[in-house]
Amino acid sequence: MIPLQHFLIVSAGLLCLGLYIVLVRKNAVAILMGIELILNGASIAFVAFSRYVSGAVTGQTFVIFIIIIAVCEAAVALAIILNIYQNFRTVDTDQTKELKG
Amino acid sequence: MIFYAVAAIVLGSAVIVALSRNIVYSAFALLLTFFSIAGVYVFLSAEFLAVAQVVIYVGGILVLIIFAVMLTNKVKDVNLSNPSAPAYIAGPLVALIFAGLVWLITSTPWKVALSQDMGTVNDIGNILMGKYMLAFEVAAVLLLGALLGAAYLARPVRSAHGRKNNTLSGSDSTLSDASNGARKERN
C-alpha cells in the first residue's frame with residue numbers, strides 16, 4: 001500500500017514546478033501551463049486526502065469543480081493572449097506594458 | 001512499483017515543461033504530465049477523475065494550448081521562446097518552499113483511515129446532484145459565460161467597418177438563440 005505522504009510529495013512537487021514556471025517564464029502561454037500544473041497539484045492533494053483521510057467523495061467532487069474552473073480560465077486566457085498577439089505582435093510579458101485600448 | 005514509475009514520469013515531464021527552452025517541447029511534455037496524472041488518479045481509485053482528466057485536459061485544454069503556441073509564434077522563431085531572467089532567484093526560492101512542504105508532509109502525523117469502497121461514479125453523481133446542486137448550476141452558468149466571453153474576445157480584427165457590424169449581429173443572434181434554448185430547457 002502506498003502511503004499518503006508519497007502522493008502529497010508528488011502534489012507538492014507539481015505545485016513548486018508550476019510556481020517556478022510562473023515566476024521565471026516570460027511567454028504568456030508558458031505561464032498558463034504553469035498555472036495548469038499548480039491546479040493539477042492541488043487536485044492530487046484533494047483526491048489523496050479524500051481517499052486516505054475523509055473517506056467520502058467530497059474531495060473528488062471538488063476536483064471536478066477545479067477542472068471546470070481550469071477550463072474556463074484556459075479558454076478566456078488564451079483568447080486574451082491571442083488578442084495581445086494581434087495588437088503587440090508578441091506574447092512576451094515584459095514587452096506588453098501599456099494598457100491602451 | 002508502478003506508482004513510483006508514474007510519479008517519476010509526472011515530475012520528470014513537469015521538469016521538462018519548466019526547463020525546456022522550446023515552448024513546443026514544453027507543450028508536448030505537458031501532454032505526458034496530464035496523462036500520468038490520470039495514472040496517479042487510478043492509484044487513488046478515482047477512476048471517474050482519471051477519465052475526466054484524459055478527456056478534458058488532454059482532449060481540451062492541451063489542444064487549446066498547442067493552438068495558442070502555434071498561433072502566437074511564427075514557425076521560424078519558435079526556438080527563441082523565453083530567456084529565463086531571474087532563475088537564480090526563483091530557483092532557490094522554489095526549492096526552499098518545496099523543502100518546507102516536504103518537511104511539513106513527513107513530520108505531520110496524518111490520521112489515515114483508509115476506506116474500502118469509494119469513488120464510484122454513482123456516489124459522485126448523487127453528491128453532485130444533491131448536496132452540491134447549487135455549485136453545479138453556478139458552474140454551468142460560469143461555463144456559458146466563459147464560452148461567450150472567449151468567443152467575444154477572440155473575434156476577428158475589428159478594423160473593417162462592415163465586417164464589424166456583421167460579426168456583432170451574428171454573435172447577437174447566437175446569444176439570443178442560446179438564451180431561448182436555456183429558457184425552453186427550464187420550462
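This is a predicted model: local features need pLDDT of at least 70, side-chain atom pairs count only at pLDDT 80 or more; totals for chains, interfaces and linings use all residues.
Reader: What makes up the secondary structure of chain B, and in which order do its elements run?
Author: The secondary structure of chain B comes to seven helices and zero strands, and read from the N terminus the elements therefore run α-α-α-α-α-α-α. Of the 187 residues in chain B, 29% are buried. Among the contacts in chain B that join residues at least 6 apart in sequence, 57% link residues at least 24 apart.

Reader: Why is Ser36(B) called buried?
Author: The term buried applies under 20% relative accessible area, and Ser36(B) has a relative accessibility of 8%, so Ser36(B) counts as buried. Ser36(B) is found in helix H2 of chain B, which covers residues 23-43, and, when residues up to four places away in sequence are not counted, Ser36(B) touches Val6(B), Ile9(B) and Val10(B).

Reader: How do you know that the side chain of Ser36(B) has a polar atom placed by the backbone oxygen of Leu32(B)?
Author: The distance from the backbone oxygen of Leu32(B) to a polar atom of the side chain of Ser36(B) is 2.8 Å, and the limit for a polar contact is 3.5 Å, so this distance lies within the limit.

Reader: What is said of Ser45(B), and is Ser45(B) buried or exposed?
Author: Ser45(B) has a positive phi of about 50° although it is not a glycine. Most residues other than glycine have a negative phi. The place of Ser45(B) is in the loop between H2 and helix H3 (47-72) of chain B, and with a relative accessible area of 16%, under the 20% limit, Ser45(B) is buried.

Reader: Why are the buried residues of H4(B) placed on the same side?
Author: In H4(B), Ala90(B), Val94(B) and Ile105(B) are buried. They cover an arc of only 40° around the axis, which puts them on the same side of H4(B). On the other side of H4(B), Tyr88(B), Ile89(B), Leu96(B) and Trp103(B) are exposed, while what covers the buried residues of H4(B) includes H1 of chain A.

Reader: What makes the buried residues of H6(B) lie on the same side?
Author: In H6(B), the residues Ala139(B), Ala146(B) and Ala150(B) are buried. They cover an arc of only 25° around the axis, and therefore they lie on the same side of H6(B). The face turned away from that buried side carries the exposed residues Leu134(B), Val141(B) and Ala151(B), and what covers the buried residues includes helix H3 (58-88) of chain A.

Reader: How many residues are in contact between chain A and chain B, and what is the area buried between them?
Author: In chain A, 68 residues are in contact with 81 residues of chain B, and the area buried between the two chains is about 6,800 Å², of which carbon and sulfur atoms give 78%. In chain A, Arg25(A), Met33(A) and Arg51(A) lose the most area to chain B, together 11% of what that side buries.

Reader: How many salt bridges and how many residue pairs in polar contact are there between chain A and chain B?
Author: The count of salt bridges between chain A and chain B is zero, whereas the count of residue pairs in polar contact, both at pLDDT 80 or more, is nine. On the side of chain A that touches chain B, helix H1 (4-24), helix H2 (28-54) and H3 each supply at least two residues, and H3(A) gives the most, with 23 residues.

Methods. Residues are numbered from 1 along each chain as its sequence is written. Chains are lettered from A and ligands numbered from 1 in the order in which they are written. Side-chain values use heavy atoms; hydrogens and water are left out. Helices (H or I, at least four residues) and strands (E, at least two) are DSSP runs, numbered from the N terminus. Buried means under 20% relative accessible area, exposed over 50%, partly exposed in between (1.4 Å probe, protein chains only). A polar contact is a pair of N or O atoms within 3.5 Å; within protein, one must be able to donate a hydrogen and the other to accept it, and residues adjacent in sequence count only if both atoms are side-chain atoms. Contact means heavy atoms within 4.5 Å. The arc is that of the directions from the helix axis to the C-beta atoms. Buried area is the accessible area (1.4 Å probe) that two parts lose on being put together, summed over both. A salt bridge is a side-chain nitrogen of Lys or Arg within 4 Å of a carboxyl oxygen of Asp or Glu.
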